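Morning, everyone. Please put the structure up on the screen, and we'll walk through it together.

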Amino acid sequence: MRRRLILGVTSVATTTGLVLTGCSSGTNAASQSEDSLVWSMWISGAEDKAAWQEVADAVHENGGPEVTIQGSPWTDYWTKLRTQLSAGGAPCIVSIQSLRAANYTDVLVPLDSLAEEAGVDLAEFDQTAIDGMRVDGELYALPYDTGPVVMFYNEDLFDEVGAEIPEPGWTMDEFEAAAARFEEAGTPLLASTVEDMFLESLILGHNGGRVIDEDGALDPTDPTFSDGLDWIASLVESGRATQASAEGTADDNAYVNQQAGMYVDGPWSLLAQKARVDFTLGVTTVPAGTSGPSTFSAGSGFGISQECEHPDRAFEAIQTMTSEPVLRSLAEQGRAFPARTAVQQVWYDSAGIEGAQEVLTAAQEASVPLPGNKQSDQLAQLLTQYAVQAVNGQQSGADTMESIAGQLGQ
């Protein structure tokens, strides 16, 4: 999930350890002032840098401080952030993903009072996006994007194997019927994943199983979740799903290369994938199983480090960075499904994908925020390490989750 929650970009970094800074200033995190702040952001390449530089420039153009970007690729960003926020010289503005918000409450400033003083109407944001940025009732970031987990499908392959096109709200029985058609044709329907949010959303839709409960508590030995892993393993065994891989791009590559009929993703990737494929891309909801329609949602936003000596100015900058004009620009570029509900129609109009609005509306209505937990990062790593064995039939779901629970100290 992590690589997809960055943004729906069409370029990737060509070197590892990429470090990018804004070109308008030589400011560094240790020399920030009221009129010159640093913003830490994940950036994957030149197109990313250019897009986010426009966001930074908008702050100064609207009378706010000059904002300089410190950027790193996704994995490097999270590796460095904790040290940066704890060792002095932290950037004032910090980009945060909702799943990770709970990991950083000790180094971020709660924003509720700042938002109230500034007259920010939080009702203008998608409520699941706001809820995702809350930990123990306190808001730690203003969201810029959001979105429910959905499924992308290859409409041409569905037609070729004679499977019914999956309409929003389709059921697990309909999913199994389509999988049978694909099996007969010798092509897997599902590209398997062990990335935390996508795996968890698929199992939530199947039987309601979850590793993190609605209060953010870890429950890795939930038998319903283990049963969900066994269900996916049965799809792999029958040839209805691809073998899982610890490589995060394996599932969407299988989809793009037409080695599977569909895979799990989010709206933030939709336009990028549309540009990559040479077939008709479709989008639908996660199939509804025993618990009815359900999926997880997540997003990203901007917070303020506790080391920041100018939190009011940092919040002023964040207001602009999450404002309607800025999110409208990002939506027009297809770079983020905006957290402000008033701008979401712009994204739909720019996407030009038939049925996308109906699907995302239905998915959002059925979604719940995937809560963060202070062990979320470790859980994600352990799912990548151990869930591959369960999905590929080398170990039962229960045994796999027992191993993960042990590693988590549960």
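Start with strand β8, residues 150-154. Four bridges join β8 to β10, and the two run antiparallel. A word on terms: two strands pair if DSSP finds at least two bridges between them. Strands are DSSP runs of E with at least two residues, helices are runs of H or I with at least four, and both are numbered from the N terminus.

Before going on, a caution. This is a predicted model, where local features need pLDDT of at least 70 and side-chain atom pairs count only at pLDDT 80 or more, while totals for chains, interfaces and linings use all residues. Residues are numbered from 1 along each chain as its sequence is written, and side-chain values use heavy atoms, with hydrogens and water left out.

Back to the strands. Who faces whom? Phe152 stands opposite Val283 in β10. Asn154 stands opposite Leu281. Met151 stands opposite Thr284.

Now the other neighbour. β8 also pairs with β9, antiparallel again, over four bridges. Here Met151 has Val264 as its bridge partner.

We get an open sheet of three strands, in the order β9-β8-β10, with antiparallel pairing. Which strands are at the edge? They are β9 (262-265) and β10 (281-284), and each pairs on one side only. Neighbouring strands are turned by 30° against each other on average, direction ignored. For that angle, axes are lines fitted to C-alpha atoms, for helices over the stretch in contact, and angles run from 0 to 180 degrees between N-to-C directions.

Next, is β8 buried or exposed? Five of its five residues are buried. Buried means under 20% relative accessible area, exposed means over 50%, and partly exposed is in between, using a 1.4 Å probe and protein chains only. In a regular strand, side chains alternate between the two faces of the sheet. For β8, one side has Val150, Phe152 and Asn154, the other has Met151 and Tyr153, and all are buried. β10 is covered on both faces too. Leu281 and Val283 are on one side, Gly282 and Thr284 on the other.

Zoom out. The chain has 16 helices and 13 strands. Buried residues make up 60% of its 410 residues. The C-alpha atoms fill a box of roughly 65 × 45 × 40 Å along the principal axes. A compact globule with 410 residues would have a radius of gyration near 22 Å, and this chain has 21 Å, which agrees. That radius is taken over C-alpha atoms, and the globule rule is 2.2 Å times the number of residues to the power 0.38.

On a 1 Å grid over the protein atoms alone, a cavity is a set of points where a 1.4 Å probe fits but cannot get out; a pocket is an open set with protein on both sides within 12 Å along at least five of seven lines; lining residues have an atom within 4 Å of a point.

How many cavities of 30 Å³ or more are there? Two, across the whole structure.

Then the second largest pocket, with about 410 Å³ of space. It is lined by 21 residues, and Arg134, Glu214, Asp215, Gly216 and Pro371 lie nearest its centre. The elements giving two or more residues to this lining are α4 (127-132), β5 (134-135) and β13 (367-369).

Key
Grid points are joined across faces, edges and corners, and a volume is the space filled by probe spheres set on the points.
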